[in-house]
Amino acid sequence: MATKPPTEDIDESRLRIRERDHSAVGVPAVMNALKMSFEQMGVVRSARTLLRVNQKNGFDCPGCAWPEEDRRHAAEFCENGAKAVAEEATLRRVGPAFFAHHSVAELREHDDYWLGQQGRLTTPMLLEEGASHYRPISWDAALDEIAAALRALDDPDDAVFYTSGRTSNEAAFVYQLLVRGLGTNNLPDCSNMCHESSGSALNQTIGIGKGTVSISDIHEADLLIVAGQNPGTNHPRMLSALEKAKDKGATIIAVNPLPEAGLFQFKNPQTPRGVLLGGTKLADDFVQIRLGGDQALFQAIGKHLLEVEAREGGVLDTGFIAAHTAGFDDYAAHVGSLPWGPLEEATGLSEARLREIAERVRASKSTIVCWAMGLTQHKHSVPTLRDVVNVLLLQGNIGRPGAGVCPVRGHSNVQGDRTVGIYEKPAEAFLDALDREFAFTAPRKYGYDTVEAIRAMRDGKVRVFMAMGGNFVSATPDTRVVEEGMSRVGLTVQVSTKLNRSHVVHGRRAIILPTLGRTDRDRRGGADQRVTVEDSMGAVHGSRGRLAPPAEDLLSEVAILARLCALVFADRPGTPRADWRGLENDYAAIRGHIGNVIPGFEDYDARIDKGRSFFLPNGPRDERRFTTPNGKANFTANPLEYPVIPEGRVLLQTLRSHDQYNTTIYGKDDRYRGIHDGRRVVLIHPDDIRELGFAEGELVDLVSEWTGPGGLEERRAEEFRLVPYDTPRRNAAAYYPETNVLVPLDSTADVSGTPTSKAVVVRFEKR
Ligand SMILES: Nc1nc2c(c(=O)[nH]1)N[C@H]1C(S)=C(S)[C@@H](COP(=O)(O)OP(=O)(O)OC[C@H]3O[C@@H](n4cnc5c(=O)[nH]c(N)nc54)[C@H](O)[C@@H]3O)O[C@H]1N2
Ligand SMILES: Nc1nc2c(c(=O)[nH]1)N[C@H]1C(S)=C(S)[C@@H](COP(=O)(O)OP(=O)(O)OC[C@H]3O[C@@H](n4cnc5c(=O)[nH]c(N)nc54)[C@H](O)[C@@H]3O)O[C@H]1N2
Ligand SMILES: [Mo]
């Protein structure tokens, strides 16, 4: 039997701090995952479910976007994948009785942990203007109301449609069609807060906004640089791939302000060595860099490589540079002229140390750079990633085995959603194809990204807000501004699997539409439907849930969207033409449309049938073809930037604990970092605690300081405990989403517009 949900919020007074771990996974990880699975779904359902994760004919893990290995273990085990599955496959339920019992005002007082732990949503619910409680509503009435609100808009740009990255390719494609059929490109998504900087930098330099490696490249690399990423927690299956690379002789460099457990030692629970013998040492070199120092690091590497080339030759791939790239001379002149002083200051590393790291790059025959949020959520993330590309181009490390760029995606289908059209700045060729396929004219004006959508809400311009999954209110920056903006929206619609803050911070009217998740059986048109997703390496595969859904009449995301299209577009000239009913009852028909619109998806359904996955075309990887305007891979000369921390302040990064999936809080521990039974902590160097006039373990308020157009702005997060930690001086860390109140809406990365969640200037105040 599953256990009852918690009745209390997290009690921060019970916080305990222990020694941090020096290795990841191993037996405790298995035990922890099984405990959470049994609590959520009991023993039998746990066993049945966990055996189907990422198996042929099983479901795609809703955890992360790391690809599956070609030959999978009978149960490829991943602690946090298992936790993600348990959260979705839980037997706990949030139905009409729950909403009758708890007023919205009461629910709002609970933390994200409590809300998420209550269970799966079962019934469409409506909150009328001024009402204290949600009440049940029929599917037809709910969809009619939403369709009527959309049809009543004078200007389609007054509606905003958010997507989180779990939505399948099929649902995402129908969703963007609904939105573009209405006449807007207001399609912000979680990507805007996540890997947008990667897309911006890669599109410009190599002509595709995605990575250029496959899993076998990881295995074959000579050198792997893992920067700004905590795979032990967020991509645990990546550790098996790194282990395999190590076995074949790879060198691994970890670049991180924090000594994350998973970067050092991996105890693979699948092998005797992992279980009994202390596991595999992963990182050969840990580069403890200052927050935001990565651009300087990569510029230093490039500078060193060029110096050695000038002295001794044999370093650069001159053939590749001549044949495939542009901009080399400007780049070489730029990094050549950089003095070492600022490079040392930005990284916190000496010239000798920087050269030592660069020597490892020089010695490598094939290099891959992997990264995640530590590189994408800074003001200068896009130039930082351009400098990563520069270093790889120098040695021809794009488009050959064991080499390339590897942005490690977050949500399990965030990359697929973008591929099939969830984008506020769609390409002309995509829209042309869409117009032809559905006999209408899609809007060309760019829509709002996430931050722009919040600005529009704040300014009272948004009349309808709809979210396909996710938790917009908790995930976005500047929580107070978002809450205020949300309350100004006329109608908010959340299509969700689980209860979260975005249901209790709402517009004047609010509708919750419960939906199926990956693990649920999806029966439509008399057959079990499957959906498809794309992993972080551009491989597309099917996913089929098998579990009995939480309620009999639950609609899938596809069904909800196809019905909305039918209602909104009925008898409306100039809107997309399709057999909406047919799409609702046979997802293969949607794949047919995708195949007609998006290159690389030809024979979509047949290819899913045949093999487990197929690769989308990738010019740089497949044939060193770069679809940039000049047809070349571009070196870029980027002025050096790095954060300057004012006197008496620290730079705060906001990150994930081991027991959470973004805004979903699974539990109260961050085991690897030694934090137990609490989340309101600031990890900071012990000397800084003293120097700033505080004591270890002291409770403080965090006040962020940001100079906007109107002068200095302050934002406050109350009651955080100061925990001494091994981190560079004046670089602190605290968990998201509790700290999102501190992130200023207007503090965004240049070019990509991503909130700077890894660089918030804060001071501490005594309570
Ligand atoms: N279990 C679990 N899995 C997840 C998620 C989850 O919440 N839980 N979230 C999913 C999603 S959507 C995403 S995007 C990914 C996120 O995966 P990660 O990017 O690993 O997530 P974060 O916790 O934000 O960790 C950021 C890492 O970068 C480091 N870092 C921060 N700033 C810098 C910097 O300036 N330079 C360098 N070199 N390092 C820096 C931090 O110390 C930390 O190790 O994980 C996905 N997978
Ligand atoms: N300060 C700070 N802020 C950040 C970040 C950070 O590092 N620091 N990271 C950013 C990043 S990388 C990301 S990706 C965003 C994440 O932002 P989101 O994707 O918006 O947030 P999640 O917490 O992943 O969304 C969880 C909710 O999704 C719903 N859900 C889960 N599965 C399904 C499904 O299959 N279908 C539907 N319809 N709903 C489902 C559930 O109701 C659940 O409550 O947050 C960003 N915000
Ligand atoms: Mo993400």
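In this structure, helices α7 and α21 are roughly perpendicular to each other. The model is a predicted one, and the values below are computed from it. Helix α7 covers residues 169-182 and helix α21 covers residues 428-438; they pack at an angle of about 85°, with their axes 12 Å apart. On the α7 side the contact is formed by F173, Q176, L177 and R180, while α21 contributes F430, L431, L434 and F438. Sorted by class, the residues of this contact comprise 6 nonpolar, 1 polar and 1 charged.

Helix α13, made of residues 294-312, and helix α17, made of residues 351-363, have axes that come within 9 Å and cross at roughly 65°. An angle of 65 to 115 degrees counts as roughly perpendicular, and α13 and α17 are therefore roughly perpendicular to each other. The crossing in which α13 passes α17 is right-handed. From α13, the residues L297, A300, I301, H304, L305, E307, V308 and E312 take part, and they meet L354, R355, I357, A358, E359, V361 and R362 of α17. By class, the contact of α13 with α17 has 9 nonpolar, 1 polar and 5 charged residues.

The two pairs are set out in the table.

| α7 and α21 | about 85° | 12 Å | 6 nonpolar, 1 polar, 1 charged |

A439 is found in the loop between α21 and α22, the latter spanning residues 450-458, and A439 has a positive phi of about 50° although it is not a glycine. With a relative accessible area of 55%, A439 is exposed. R624 likewise is not a glycine and has a positive phi of about 50°; R624 is found in the loop that lies between α30 (619-623) and β24 (633-634). P737 lies in the loop between β32, residues 731-735, and β33, residues 760-766.

Turning to the cysteines, the count of disulfides comes to 0. C370 is in no disulfide, and the nearest cysteine sulfur, that of C406, is 4.0 Å away, whereas a disulfide calls for a pair of cysteine sulfur atoms within 2.5 Å. C370 is buried, with a relative accessible area of 0%. C194 is buried as well, and its relative accessible area is 12%.

N390 lies in helix α19, which runs over residues 381-394, and at 0% relative accessibility N390 counts as buried. If neighbours within four places in sequence are left aside, N390 is in contact with Y331, N634, F635, T636 and N638.

Conventions
Residues numbered from 1 in each chain as written. Chains lettered and ligands numbered in written order. Predicted model: local features only at pLDDT ≥ 70, side-chain atom pairs only at ≥ 80, totals over all residues. Heavy atoms only, no water. Axes fitted to C-alpha atoms, helices over the stretch in contact; angles between N-to-C directions. Helix = DSSP H or I, 4+ residues; strand = E, 2+ residues; numbered from the N terminus. Parallel < 35°, antiparallel > 145°, perpendicular 65-115°, else oblique. Left-handed = near helix turned anticlockwise from the far one by under 90°. Contact = heavy atoms within 4.5 Å. Nonpolar A, V, L, I, M, F, W, Y, C, P; charged D, E, K, R; others polar. Buried < 20%, exposed > 50% of the residue type's maximum accessible area, 1.4 Å probe, protein only.
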